[in-house]
Amino acid sequence: AEEDMHVKRLLKENPADGPANFYLGLMMSREGFPAKAEPYLRTAAQILPDSPDVLYQLAEVLSLSNDPAFQKEAEELQKKVLALNPNHGGTLARMGLQELQNGKFEQAITLLTQARTIEIQTREVLIGLAQALIHLGRHPEAIEPLKVAVQLDSADQDAHQMLGTIYRQLNRSQEAAEEFVLAKGKGKTLSVGRELVGYDLARSLAATGKAQEAIAEYAKTIKIASDPAAGWLELGQLYEDQKDSDRAIKAYQKWYEASGASEAAFRVGRLHRDLGNMEKARESFEMIAKKKNEWGERAQTEIAELSQEKKTQDRDYWLDVANSGDEKAKEKAYSQMLALDKNDQTALEGMRDLAIARGDLEEAKSYLKLLAKAGYISKSDVKVETKHLEEKQEAGEDLSAWENRLEECKRHEDYAGAIQELEKLKAYSKSQMESVKKSSGPDKADLMRAIKARIQGYNEDLKDLRARKKSKKK
């Protein structure tokens, strides 16, 4: 204060005293009164136009103004300073930081590096240089200025956090974790800073295999986080990596509650599906199925797959019932299978066979038509089979009895009896062929082909039965 009074007396005696104007402007600037400092520094610059330090201080004050004209003037003064003294550290540092702010990282690195070479090792320069190097992906080079910043102030939370981030980027997980611990331990940060460090620390602990410590760190950080959703997401992923699906589901549910993220509900659904909890999986997918985004579309696909899986499971169940139950159970089982898929071939054939066994010709014919409609047999096959059934009925011959006896003989290895029954069936088919030959209907050719194919099948069966009979005698 005494020096200030002395300077003011000098200016009162001589308003054109350049050094006195500079000193008073400098003091006011450092005390936080740039607007009051500016006229004194302007006067000093007019009196001492070739003084780099005077022009630099005036440029510093003008750069703090929101007036674009003052900022432009500050840039011109900085250029003039460097013209007078290319190694003016303060100006090099200020211009480098401005280039960093403007996104011109190469220029920022050049200027800030020059400033360092002339002993300008301020925190602002060191952190700014590291930021520029990181922006260009030159992470290893950013380590050195950050270490110097930590040497200047071991409690520099930003420097520790940046070092931790770089080490994590370089897969140096242990060093990253150590830096994040130091950053968090300084206790000189706002809650937002603490949560960022906490998340970084948790990530580094997870990367070094310290899963339980990472989980504890996530839990603490989420409590103070302004964005807990990010923590729940990463905690859920960590639980998944640990094969702890139940806790992963709870974490993802918290993520969904905190943010409404469609991906969160989708992950819950996938985990439930992997665990076999199909109904819970469907519930999760249905929560987002109508969303017009990637996760909504994927949820619809999952729901369709779940529906198909359930349909397949139900069909397998009813098929087992049909294969092991009595006639009443078979009919119910085939009906259930047809409710799942009206074109189920096994069910249609089963219902047809049940109708034939009961002697219900009309119902058997209806299932033959359904088989044809579904593409399992041709229309000519339907006609042949229908005619075959009608002739059985008209002739009063119980062809099903012949077929049943044939199968029974085969089961008991009564090959002579089996041959006898098969000969009856063959003879009946030949008589059918003769009847068709005498007809003149439009389907005559198709009927003839179908009957010939059946007779050929009988001939092959007869050949096999005779061989078995001969082999048995030996």
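Student: Why is Lys243 called exposed?
Tutor: The relative accessible area of Lys243 is 73%, and the term is set by cut-offs on that value (buried under 20%, exposed over 50%, partly exposed in between, with a 1.4 Å probe and protein chains only). Since 73% lies over 50%, Lys243 is exposed. This residue sits in the loop between α14 (228-241) and α15 (245-259), and its phi is near 65 degrees, a positive value in a residue other than glycine.
Tutor: This is a predicted model, in which local features need pLDDT of at least 70 and side-chain atom pairs count only at pLDDT 80 or more, while totals for chains, interfaces and linings use all residues. Residues are numbered from 1 along each chain as its sequence is written, and side-chain values use heavy atoms, with hydrogens and water left out.

Student: What makes Asn171 exposed?
Tutor: Asn171 has a relative accessible area of 67%, which means that this residue passes the cut-off for exposed. Asn171 lies in the loop between α10 (157-169) and α11 (173-185), and its phi, near 65 degrees, is a positive value in a residue other than glycine.

Student: Why are α17 and α18 called roughly antiparallel?
Tutor: Helix α17 (residues 278-288) and helix α18 (residues 294-324) pack at about 150 degrees, with their axes 8 Å apart. Such axes are lines fitted to C-alpha atoms, for helices over the stretch in contact, and the angles run from 0 to 180 degrees between N-to-C directions. On that scale, the terms are roughly parallel under 35 degrees, roughly antiparallel over 145, roughly perpendicular from 65 to 115, and oblique for the rest. About 150 degrees is over 145, and therefore α17 and α18 are roughly antiparallel to each other.

Student: Which residues of α17 and α18 meet?
Tutor: From α17 come Met278, Ala281, Arg282, Phe285, Glu286 and Ile288, and these meet Trp295, Gly296, Ala299, Glu302, Ile303, Leu306, Ser307 and Glu309 in α18. By class, this contact of α17 with α18 has eight nonpolar, two polar and four charged residues.

Student: What makes α18 and α19 roughly antiparallel?
Tutor: The axes of α18 and helix α19 (residues 327-340) come within 8 Å and cross at roughly 160 degrees. This angle, too, is over the cut-off for the term, and therefore α18 and α19 are roughly antiparallel to each other. Among the residues of α18 in this contact are Lys311, Asp314, Arg315 and Trp318, and α19 contributes residues including Ala329, Lys330, Tyr334 and Leu340.

Student: Why is the pair of Tyr199 and Tyr218 called tilted?
Tutor: Rings of Phe, Tyr and Trp (its six-membered ring) pair if their centres lie within 6.5 Å, and the planes are stacked under 30 degrees, edge-to-face over 60 and tilted for the rest; by this rule there are five aromatic pairs. The centres of Tyr199 and Tyr218 are 6.2 Å apart and their planes stand at 45 degrees, so the two rings pair and the pair is tilted. Tyr199 in helix α12 (residues 191-207) and Tyr218 in helix α13 (residues 211-224) are 19 residues apart, and the pair links distant parts of the chain. Tyr199 is buried at 4%, and Tyr218 is buried at 4%.

Student: How do you know that the pair of Phe266 and Phe285 is tilted?
Tutor: Phe266 and Phe285 are 5.5 Å apart centre to centre, with 50 degrees between the planes, and this aromatic pair is tilted. Phe266 lies in helix α16 (residues 262-274) and Phe285 in helix α17, so the pair ties together parts that are 19 residues apart in sequence. Phe266 counts as buried at 4% relative accessibility, and Phe285 is buried at 0%. Ring pairs link Phe266, Phe285 and Trp295 into a cluster.

Terms used
Helix = DSSP H or I, 4+ residues; strand = E, 2+ residues; numbered from the N terminus. Contact = heavy atoms within 4.5 Å. Nonpolar A, V, L, I, M, F, W, Y, C, P; charged D, E, K, R; others polar.
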